[in-house]
Amino acid sequence: MSRGGGKGLSLKDKLDGNELDLSLCDLNEVPVRELAALPKATILDLSCNNLISLPSDFCSLMHLVKLDLSKNRLQQLPLDFGRLVNLQHLDLLNNRLVTLPVSFAQLKNLKWLDLKDNPLDPVLAKVAGDCLDEKQCKQAAVRVLQHMKAIQSEQDRQRQRKLQAEREMEKKREAEQRAKEAQERELRKREKAEEKERRRREYDAQKAAKQEMEKKTKKETVQTRKPASSSRPPQPPRHKPSWSRSVLRVLLFVLFCILCALAACKLTELQRQPLCVSVNTLYEDVVAALQNHKTLQNMLQHNSQQ
């Protein structure tokens with residue numbers, strides 16, 4: 001075991017009964033693997049070295065009963081330091097410790113403790129007190145264990161409260177999720193009912209329109225089958241001549257008068273009168289114009305050929 005790494009020197013040479021003295025070896029780290037191979041060494045002295053920290057596997061040395069780590073440069077202990085449940089005597093004099101791990105409360109067999117000359121937290125320093133004699137060191141062990149147990153209990157309560165709050169939050173989220181799902185189901189149910197009602201109204205409207213169409217078709221069929229006399233509109237009374245018949249009579253009368261005037265102007269001696277001359281001229285112009293019409297000429301030629 002060398003001074004820097006703890007190798008090169010057999011630990012068995014340092015073992016005296018159940019006591020292993022590794023003090024003043026200028027150690028920078030603890031040879032945990034070699035120590036684990038010596039479960040007989042229940043008393044371990046690592047004082048007056050250059051240890052800044054302890055490896056996490058150091059806590060596997062559960063066979064230790066007495067441990068001296070005084071006059072090192074330890075700034076903290078491993079978090080699971082409480083695994084050393086068989087530890088009864090612990091010397092941490094003159095290190096750089098500020099606090100102790102909460103697992104320290106598990107050292108139920110601890111009977112002696114020295115924390116002097118460490119920059120401890122004021123509360124912890126007050127609890128530990130002095131360790132100037134055997135009685136004070138024993139009282140320090142009892143008080144520090146009680147203090148660490150109180151801290152552990154408070155942390156446990158905080159964890160429980162945190163877990164309870166998380167469970168309540170989870171229940172609240174689940175309740176909100178259930179309420180949201182129920183609301184969505186209700187919304188889908190309402191939309192489905194509205195859609196069904198809309199389709200029912202459309203069906204009723206189509207059915208009513210179809211029935212109306214059938215009634216109209218049936219009515220038209222019945223009307224077409226009635227006698228023609230029944231479908232004719234009522235004739236107006238004969239003693240009340242219509243307006244169109246009166247107009248027709250007037251036109252026929254005017255036409256008759258024109259024909260009479262034309263015949264008089266053509267066949268009688270009145271044809272030399274100025275009025276008859278105008279009438280005859282107008283008649284000849286009209287006949288000439290009609291003869292000039294191609295279609296009328298064709299008809300006239302066809303008639304002349306016949």
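## Basis of the description

The model is predicted, and for that reason local features need pLDDT of at least 70 and side-chain atom pairs count only at pLDDT 80 or more, whereas totals for chains, interfaces and linings use all residues. Residues are numbered from 1 along each chain as its sequence is written, and side-chain values use heavy atoms, with hydrogens and water left out.

## Overall fold and surface

The protein chain contains seven helices and six strands, where helices (H or I, at least four residues) and strands (E, at least two) are DSSP runs numbered from the N terminus. Their order along the sequence is β-β-α-β-β-β-β-α-α-α-α-α-α.

Of the 306 residues in the protein chain, 24% are buried; here buried means under 20% relative accessible area, exposed means over 50%, and partly exposed lies in between, with a 1.4 Å probe and protein chains only. The protein chain exposes about 22500 Å², of which carbon and sulfur atoms supply 55%, the areas coming from the Shrake-Rupley method with a 1.4 Å probe and, for residues, with only the protein chains shown counting as cover. Among the contacts with a separation of 6 or more in the protein chain, 34% are made by residues 24 or more positions apart, a contact being defined as heavy atoms within 4.5 Å.

## The nonpolar core

The largest nonpolar core has 42 residues, and the members that touch the most other members are Leu46, Phe58, Leu67, Phe81, Phe104 and Val144. Such a core is a set of buried Ala, Val, Leu, Ile, Met, Phe, Trp, Tyr and Cys residues joined through side-chain atoms within 4.5 Å. Helices α1 (32-36), α2 (122-128) and α3 each supply at least two residues of this core, and α3 gives the most to it, with four residues. When residues up to four places away in sequence are not counted, Val144 touches Leu100, Phe104, Leu113, Leu115, Leu124, Val127 and Ala128.

## The aromatic pair

A pair of aromatic rings is described by the distance of the centres and the angle of the planes. The structure holds one aromatic pair. Phe81 and Phe104 form this pair, which is stacked, with 6.1 Å from centre to centre and 5° between the planes. Phe81 lies in the loop between β4 (66-68) and β5 (89-91) and Phe104 in the loop between β5 and β6 (112-114), so the pair ties together parts that are 23 residues apart in sequence. Both Phe81 and Phe104 are buried.

By the rule used here, rings of Phe, Tyr and Trp (its six-membered ring) pair if their centres lie within 6.5 Å, and planes under 30 degrees apart count as stacked, over 60 as edge-to-face and the rest as tilted.

## Salt bridges

The count comes to eleven salt bridges, each being a side-chain nitrogen of Lys or Arg within 4 Å of a carboxyl oxygen of Asp or Glu. One of them joins the side chains of Asp80 and Arg83 at 3.5 Å, N to O; Asp80 is partly exposed with a relative accessible area of 26%, and Arg83 is partly exposed at 36%.

In helix α3 (residues 134-225), Glu197 and Arg201 are four residues apart and therefore separated by about one helical turn, and their side chains meet in a salt bridge of 3.7 Å, N to O. Glu197 is partly exposed at 31% relative accessible area, as is Arg201 at 48%. Glu197, Arg200, Arg201 and Asp204 are linked in a network of salt bridges. Glu202 and Arg198 are likewise four residues apart in helix α3, about one helical turn, and their salt bridge spans 2.5 Å, N to O; Glu202 is partly exposed at 40%, and Arg198 is partly exposed at 32%.

## Residues with positive phi

Most residues other than glycine have a negative phi, and most peptide bonds are trans. Cys48, although not a glycine, has a positive phi of about 60°; Cys48 is found in the loop between β3 (43-45) and β4 and counts as partly exposed at 30% relative accessibility. Asp117, also a residue other than glycine, has a positive phi near 60°. The place of Asp117 is in the loop between β6 and α2, and Asp117 is exposed, with a relative accessible area of 54%.
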